[in-house]
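Here is a short report to read alongside the model. Take a moment to turn the view around before you start.

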Amino acid sequence: MSGKIFPVSMPKWGMTMEEGKVTDWLISEGGAVNEGDEIVEIETDKISNVVESQTSGILVRHLVVEGSTYKVGSLIGVIIDGDVKENEIDNFIKKFESEEKIKTDTKEATNKTEKLQVGNLELNFLEVFCEKPEEETIVFVHGFGGDLNSWSYNQVELSTHFNTISLDLPGHGGSALEVDSGNVSELSEILISLFEKKEINQAHLVGHSLGGAISLLMAYTKPEIFKTLTLICPVLPGCKTNTEFLEGFIFADSRKQMRSVVSELYANPKIVNRNFIDETLKSRRFDGAKQALSKIKDANFLPSGEGSFQLPPLEEIKAPIQIIQGSEDKIIKFSEYDLLPPNIKIHELNGSGHMPQMEEHNQVNKIIEAFIHQTRGSI
Amino acid sequence: MSIKTFRQALNEALHLEMSRDKNVIIFGEDVCGGTGGTGEKDAWGGAFGVTKGLLSEFGPDRIMDTPITESAFVGAAVGAAMTGLRPVTEIMFVDFLGVCFDQIFNQAAKVRYMFGGKADMPMVLRASYGAGASSASQHSQALYPIFTHIPGLKVVVPSNPYDAKGLLINAIRDEDPVIFLEHKMLYDFSGEVPDEAYTVPFGEAGIIREGKDVTLISLGKMVNVCQEAADELAKENVAASILDLRTISPLDEETILEFTEETGRVVVVDEAYPRCGVAADVSSIIVEKAFSDLKAPIKKVTPPHSPVPYAPNLEQAFLPSSQNVIDAVKEVIRGEK
Amino acid sequence: MQLSRDELLSAYQTMKTIRVFEDRVNQEMGSGDIPGAVHLYAGQEASAVGICSLLDSRDQIASTHRGHGHCIAKGCDVPGMMAEIFGKQNGLCLGKGGSMHIADLEKGMMGANGIVGGGPPMICGAALSAKILGTKGVAVAFAGDGAFNQGTTQEALNLASIWQLPVVFAIEDNGFAEATSSEYAVAGDIVKRAQAYNIASEKVDGLNFFEVHLAAKTAIERAREGLGPSLLQIKTERYYGHFSGDADTYRSDEEKNEMRQNKDCLKIFRNKVIGSSLLNEKQLNDIDDKVLELIDNAVKFAREGAEPNLEDLTKDVYLSY
């Protein structure tokens with residue numbers, strides 16, 4: 001065989017994902033692909049997303065039917081690069097499927113979320129251990145109104161090389177729904193206590209939106225622990241946050257209302273599916289959920305949308321910082337990027353809204369990993 | 001979050017609400033069981049054990065056994081609700097509504113309206129319903145259409161433990177009279193239920209499954225029947241959506257019409273008698289409001305126009321089965337223009 | 001006779017208000033401007049006032065289809081009542097209830113009830129509230145000799161007794177349930193039947209305000225002290241037919257004349273208070289004039305009121321839906 005064969009398999013987006021529905025082949029059978037091209041659209045619990053090609057070649061087989069659901073890891077297509085015979089493709093498929101079967105039969109239990117008491121609060125988190133981890137842990141801090149599922153498309157992927165931990169902020173997800181003041185200082189202190197309790201000594205922070213501000217404070221307070229800072233659409237001084245969105249995100253009480261609010265998060269709102277809307281509504285309907293979020297909103301945002309909290313000057317933060325932004329971000333308007341220290345690299349992702357970690361997850365994962373390696377090289 | 005039965009989920013809802021609001025009280029026949037006797041107090045905790053343990057937690061001033069006098073104690077629930085309490089009363093079997101129906105449909109349902117909006121009626125009437133336990137004609141009916149017919153009442157029929165807890169908490173917090181019906185064959189059915197208090201809103205159907213070929217609309221225990229049918233249909237590449245109405249008054253028309261538009265084919269599966277039932281009501285709404293979205297006539301899967309028989313084989317034949325649903329779906333697909 | 005002058009004046013005024021109100025409603029029925037039918041309380045005033053004059057804001061009453069008297073006695077707004085009967089927007093229930101569903105929860109009047117026997121179970125609930133919330137309130141179920149036979153009433157007696165609820169069952173026995181006499185329809189004796197439920201019961205002359213008042217006082221105090229329910233069988237007279245269209249041919253003309261002449265609780269009250277020099281003619285006549293004016297104004301208020309807006313047809317079916 002002079003060519004190479006590459007599998008296209010059902011991805012695992014998020015620790016709880018067990019299957020996905022193939023909704024749309026974007027490249028027809030026999031069509032040419034380049035590395036990075038979108039091949040197929042998959043619908044999951046959370047949103048619809050696309051699988052990108054890891055290679056160039058010909059998408060020689062569609063192995064699945066649009067509208068059907070397949071287990072994570074199953075073979076859904078085949079790409080060939082160069083000269084490959086039909087029977088070689090067939091053998092490849094058979095081998096893959098039998099190996100996959102062995103894998104699933106001996107699969108260990110998927111990681112589950114755990115809870116830990118930090119002070120008088122119970123925090124919910126998801127820790128994923130890598131078989132052969134690099135030294136540090138990547139820590140994911142979600143944004144206002146979200147939860148650790150914000151990192152469904154990132155945590156699993158990055159756990160191939162790093163230990164990772166994502167958590168639910170107080171007042172969010174499965175963590176305790178009580179907060180004291182709810183301001184970012186308090187939240188960052190609580191998170192620092194969590195990591196101290198878990199004896200995490202070296203970590204890279206990835207913070208989204210308000211979680212970015214919290215991550216900044218953590219890095220400032222504990223420079224010995226937090227080695228790098230990746231901020232995704234962060235709330236920074238000089239930012240204006242869409243407070244109408246914040247209100248709606250807390251109080252939307254019907255599917256219609258919540259869909260219209262949640263759609264603001266994404267450049268392409270069509271990818272938001274019903275299950276995500278329902279899960280968000282469910283989380284708001286716990287006693288105390290709306291009050292906790294309201295408290296956090298009032299503690300951190302002025303009615304005008306500007307942050308009401310102080311952040312340390314970015315120059316004083318030891319850890320290298322990079323920022324990832326979406327060009328179509330409807331939630332945060334940051335007009336003072338020129339005023340940021342010049343050593344802060346800014347990645348603007350075209351066609352992405354306020355959640356590039358979901359909409360452009362492949363790119364974001366690459367940017368995070370590259371940054372960690374790059375800064376390690378220079379330390 | 002842990003696995004709980006439907007019964008436990010309801011018990012938790014009552015427990016949480018009675019802890020949160022001291023005006024929530026419970027009374028009904030044998031809600032404790034053993035009052036005035038020489039043996040165990042709280043011997044039953046309700047005919048189906050739903051209220052067990054509440055007596056020791058809250059005392060006899062908050063949960064009381066009543067004599068077999070439905071019209072008196074359901075009427076008392078009406079009067080108590082008008083004067084500051086939030087009573088959760090129950091009739092053991094919905095079939096007993098006959099002996100207290102005036103209190104429900106002429107008093108509870110109408111007080112707010114007749115008094116020009118100047119009265120609240122925050123009462124909940126719980127009852128078991130449904131066939132499959134060989135309880136025969138007078139203890140097996142699904143009479144929710146009768147309540148749905150009456151303006152002023154809200155009617156809730158949960159299908160699973162998660163919804164049961166959230167809907168009951170919502171019902172207790174509601175200022176209008178709520179008829180809360182629990183399928184007697186679901187009490188032992190388990191599911192994941194969070195430990196904390198949460199609500200499930202009225203007028204929002206549960207979207208159990210999404211599939212482009214047909215919409216199955218159902219409620220209560222029939223939702224499980226639809227799930228079985230949908231699993232079988234999937235093997236034949238027919239993708240069914242399943243809507244769980246959860247509350248029939250108020251009814252989530254929006255979601256019903258949305259799915260009608262998306263799939264173009266509808267089968268309504270309901271355990272109530274066919275005449276003037278939920279299946280008939282939902283079908284007529286769809287036809288009236290979304291006729292042009294339909295690719296085929298709507299099919300209803302219901303029991304026959306007959307009382308519930310005693311003999312198990314007859315009772316099984318009486319109840320809609322997953323095969324009945326599968327047959328209906330196939331007919332709806334073949335009947336396509 | 002331990003009532004003060006003011007209490008006596010108030011009692012007379014309330015009874016007179018009821019009498020004039022009912023006579024006037026009967027008259028207005030002739031104009032065709034009152035929708036539906038009315039069930040008039042005239043003749044039974046001493047019962048309503050004898051009991052309600054002892055109640056306060058903690059206490060609840062539930063009434064029957066013949067509820068105007070109880071409503072007035074419990075302190076409901078008279079012009080608002082008239083407007084409700086006329087079906088107007090400025091009525092007590094915004095025109096949504098009418099004569100048979102007239103109510104004012106703020107005054108503790110849980111409504112007239114179109115269903116015979118509808119009140120007693122509700123009153124058990126109100127009494128339960130009073131007991132649990134510790135208000136020391138009392139709940140009074142007005143019911144007729146017809147309602148006494150209803151299963152709901154019998155069940156309510158049982159429940160009130162076993163739970164020792166602060167209830168007074170005021171059974172206004174006017175001898176007729178619609179067109180059928182209680183002689184015929186009531187098995188046994190009302191007082192004895194109630195006593196069989198371990199309920200303290202007595203028969204009272206409903207034409208004598210003072211007798212009603214005394215018996216009611218005992219019953220209400222019993223309830224307030226947590227000593228359980230009571231029942232009063234109040235023998236009284238219903239002046240009009242069952243309802244406004246009732247030719248009332250099942251009673252002889254002699255009986256009806258006799259009733260108006262010699263079984264008038266207002267006349268009996270007047271004679272008693274004047275005879276004992278507690279009040280004088282002038283005071284009572286002044287009240288008569290005042291009441292006439294009040295009722296005139298009430299009718300004016302009702303006639304000038306607007307019909308409810310069409311948008312209000314489906315308002316208040318629920319608080320939220």
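The radius of gyration is taken over C-alpha atoms, and the globule rule is 2.2 Å times the number of residues to the power 0.38. With 337 residues, a compact globule would have a radius of gyration near 20 Å, and chain B agrees because its own value is 20 Å.

A word on the source: this is a predicted model, where local features need pLDDT of at least 70, side-chain atom pairs count only at pLDDT 80 or more, and totals for chains, interfaces and linings use all residues. Residues are numbered from 1 along each chain as its sequence is written, while chains are lettered from A and ligands numbered from 1 in the order in which they are written.

Let us stay with chain B. Its C-alpha trace spans about 65 × 45 × 40 Å along the principal axes. Of its 337 residues, 60% count as buried (20 or more other C-beta atoms, placed from the backbone, within 10 Å of the residue's own).

| Domain of chain A | Residues |
|---|---|
| domain 1 | 4-105 |
| domain 2 | 114-378 |

Taken over C-alpha atoms, the centres of domain 1 and domain 2 of chain A are separated by 31 Å. Their contact takes 11 residues from domain 1 of chain A and 14 residues from domain 2 of chain A; two residues are in contact if their C-beta atoms, placed from the backbone, lie within 7 Å. Strand β5 (residues 48-52) of chain A gives the largest share of the domain 1 side, 3 residues, strands being DSSP runs (E, at least two residues) numbered from the N terminus.

Terms used
Domains from an automatic or database assignment. Helix = DSSP H or I, 4+ residues; strand = E, 2+ residues; numbered from the N terminus. Buried ≥ 20, exposed ≤ 12 C-beta atoms within 10 Å, placed from the backbone.
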